[in-house]
Amino acid sequence: MASVAAIIDWIIMAFALGSTLVGSYVGYQAYRGYRRHDSRTMQALSMGLFFLTAVAFGIAFVGSLLLRQGYLGLQYQQPLTLITRLFQFLGVLLIAYSLHSRG
């Protein structure tokens, strides 16, 4: 029988994978909006949403799996976190730009 901690780990991984997939879908839909309206602000919004959701969650999810399974050493945990936070920051920055841009 699986322990409670193992079940919680599986639930956490399922939410991380789900966030990556839903983030990819949201970023794709925003990109379709950009292509439909050919708007620079929509382009920034779509890139921001994609960076914030799909890329950041994807790096965190894959990095977490690689660290847990021992394919990556613990010395890579901090650089993975830095890269994840960088994409989150870029995503929020692009979204803010799209909301305040006039084009």
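**Exercise 1.** Decide whether Tyr 34 is buried or exposed in this predicted model.

*Solution.* Take the cut-offs: buried means under 20% relative accessible area, exposed over 50%, and partly exposed in between (1.4 Å probe, protein chains only). Tyr 34 has a relative accessible area of 15%, so Tyr 34 is buried. Tyr 31, at 40%, counts as partly exposed.

Residues are numbered from 1 along each chain as its sequence is written, and side-chain values use heavy atoms, leaving out hydrogens and water.

**Exercise 2.** Find how many aromatic pairs there are, and classify the pair of Tyr 31 and Tyr 34.

*Solution.* Rings of Phe, Tyr and Trp (its six-membered ring) pair if their centres lie within 6.5 Å; planes under 30 degrees apart count as stacked, over 60 as edge-to-face and the rest as tilted. The count by this rule is two aromatic pairs. For Tyr 31 and Tyr 34, the centres are 5.9 Å apart and the planes stand at 50°, so this pair is tilted. Both residues belong to helix α1 (residues 4-37), three residues apart, which separates them by about one helical turn. Helices are DSSP runs (H or I, at least four residues), numbered from the N terminus.

**Exercise 3.** Classify the pair of Phe 51 and Phe 87, and state which helices hold the two residues.

*Solution.* Phe 87 has a relative accessible area of 21% and is partly exposed. The ring centres of Phe 51 and Phe 87 lie 5.4 Å apart with planes at 70°, so the pair is edge-to-face. Phe 51 sits in helix α2 (residues 40-68) and Phe 87 in helix α3 (residues 77-100); 36 residues apart, they link distant parts of the chain.

Terms used. Predicted model: local features only at pLDDT ≥ 70, side-chain atom pairs only at ≥ 80, totals over all residues.
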